[in-house]
Amino acid sequence: MQLVKDLADRHELISDLFKQPKSPEEWEQYKLSDEQVAHFHEYGYVSGIKLLDESQINVLRKELEEIRDPKHPAHELFYEFHGNQSTDPNTVLFHSLGHWRITEGFHDLLWNPAFTMAASQLLGNNNVRFWHDQLFCKPSNHGGVVAWHQDYSFWIRTVPMQHLTCWTGLDDATTENGCLYYVPGSHKWGLLQKPELAGKMEGLMEFMTDEQKANFNPVPIELKKGYGSFHHPLMIHGSYENKSEFSRRAFVLNAFSDGTVSDTDGEMLRGTPIRVPKGEKMDGKFFPLLFGQK
């Protein structure tokens, strides 16, 4: 019987996929410019950030194919696993959470210096902790939608709102294969009610004011594989179906500033035994420090 290791017990790089910078000078290459940081705060996102090289992409693609098999020996470590989360039986949207616990590559993504440095800058140069990961895969020709939504509408059990999302493609993301779309400036609209994530694309419209609907002007975020986009927790975003001949595989890393606390005595993350008493700091096994001093 194969021994299953929970990689969430390890809070550092465990493979040679990435190298941890040893000096302030080595960190410099990963810093966002002042213009990029300003764009994030003004429009709610910044895109076109290189996070992976070709060899790293290939490793992650291989690991993805392995863990998509429900018979994988470490399958029980997923927080959630949806072979198809789409509400439309004619489309497919693979979606999972918790795969950082299963393979070395997806585990080490959390400590990728290109991610952690940018995350700290965009969170006000704060220490950064991990919240949770996600995989979204849309097969060619019939990949499903991810409906318009705000990430924080799913995260209100933590306070204050000092979160961040990073989306990165393992394939080129285009308008044809279902790339991410943002509504610039919508991070200033306040928190809206949450729709079904893989349900009706326009479901969020039910909760918008007439003024918000009038200013609802989505822009496509086309990215080459290995490049990422960071967005604010109230940014309205989503993606349309994949109508192309090519797959659209992507991963998401969600993080928050160190010092965030629990706002519930109930379930913290679906599919896990995690409980953090209300008012206590978010830390421990499942919320490791990614950047900064302990």
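Six strands, namely S3 (94–97), S4 (128–138), S5 (146–149), S7 (163–169), S11 (237–239) and S12 (248–257), each give at least two residues to the lining of the largest pocket. Before I go on, please keep in mind that this is a predicted model.

Let me stay with that pocket. The space in the largest pocket is about 670 Å³. It has 32 lining residues, and those closest to the centre are Glu80, His95, Gln134, Phe154 and Leu197. What classes of residue make up the lining of the largest pocket? There are 12 nonpolar, 12 polar and eight charged residues.

Leucine 197 sits in the loop between S8 and helix H6 (210–214). Is leucine 197 buried or exposed? With a relative accessibility of 12%, leucine 197 counts as buried, because the cut-off for buried is under 20%. Apart from neighbours within four places in sequence, leucine 197 contacts His95, Phe136, Val145, Val146, Ala147, His149 and Phe154. Of these, His95 and Phe154 are also among the residues closest to the pocket centre. Take valine 145 as one of the contacts: leucine 197 and valine 145 are 52 residues apart in sequence, with 8.6 Å between their C-alpha atoms.

Next, the cavity. Searching the whole structure gives one cavity of 30 Å³ or more. The largest cavity holds about 40 Å³ of space. Its lining consists of Leu51, Leu109, Asn112, Phe115, Cys166, Thr168, Phe251 and Leu253. S7 and S12 are the elements that supply two or more residues to that lining. By class, the cavity lining has six nonpolar residues, two polar ones and no charged ones.

In soluble globular proteins, nonpolar side chains tend to be buried together. In this model, the largest nonpolar core has 59 residues, and the members that touch the most others are Leu52, Phe106, Phe230, Phe251 and Phe287. Helix H5 (residues 113–122) makes the largest contribution to this core, with six residues.

Two names here have come up already. Phe251 belongs to the largest core and also lines the largest cavity.

Which residues does phenylalanine 287 touch? Leaving out residues up to four places away in sequence, phenylalanine 287 touches Arg129, Phe130, Trp131, Phe256, Met268, Leu269, Ile274, Val276 and Met282.

On to charges. Side chains of opposite charge can pair when their charged atoms come close. How many salt bridges does the structure hold? The count is 15.

Lysine 224 counts as exposed at 55% relative accessibility, whereas aspartate 172, at 32%, is partly exposed.

The last pair is aspartate 258 with lysine 281, with 3.1 Å between the closest N and O atoms. Aspartate 258 lies in the loop between S12 and strand S13 (261–262), and lysine 281 in the loop between S13 and strand S14 (289–291), so the bridge ties together parts that are 23 residues apart in sequence. Both ends are partly exposed: aspartate 258 at 23% and lysine 281 at 36%.

As for the network, salt bridges link Asp6, Asp9, Arg101 and Lys285.

Finally, some backbone details. Most residues other than glycine have a negative phi, and most peptide bonds are trans. Valine 159 and proline 160 are joined by a cis peptide bond, with omega about -10°. Proline 160 is in the loop between strand S6 (158–159) and S7. Asparagine 125, in the loop between H5 and S4, has a positive phi of about 60° and is exposed at 61% relative accessibility. Asparagine 141, in the loop between S4 and S5, has a positive phi of about 75° and is partly exposed at 43%.

Note on methods: Residues are numbered from 1 along each chain as its sequence is written. This is a predicted model: local features need pLDDT of at least 70, side-chain atom pairs count only at pLDDT 80 or more; totals for chains, interfaces and linings use all residues. Side-chain values use heavy atoms; hydrogens and water are left out. On a 1 Å grid over the protein atoms alone, a cavity is a set of points where a 1.4 Å probe fits but cannot get out, and a pocket is an open set with protein on both sides within 12 Å along at least five of seven lines; lining residues have an atom within 4 Å of a point. Grid points are joined across faces, edges and corners, and a volume is the space filled by probe spheres set on the points. Helices (H or I, at least four residues) and strands (E, at least two) are DSSP runs, numbered from the N terminus. Ala, Val, Leu, Ile, Met, Phe, Trp, Tyr, Cys and Pro count as nonpolar, Asp, Glu, Lys and Arg as charged, and the others, Gly among them, as polar. A salt bridge is a side-chain nitrogen of Lys or Arg within 4 Å of a carboxyl oxygen of Asp or Glu. Buried means under 20% relative accessible area, exposed over 50%, partly exposed in between (1.4 Å probe, protein chains only). A nonpolar core is a set of buried Ala, Val, Leu, Ile, Met, Phe, Trp, Tyr and Cys residues joined through side-chain atoms within 4.5 Å. Contact means heavy atoms within 4.5 Å.
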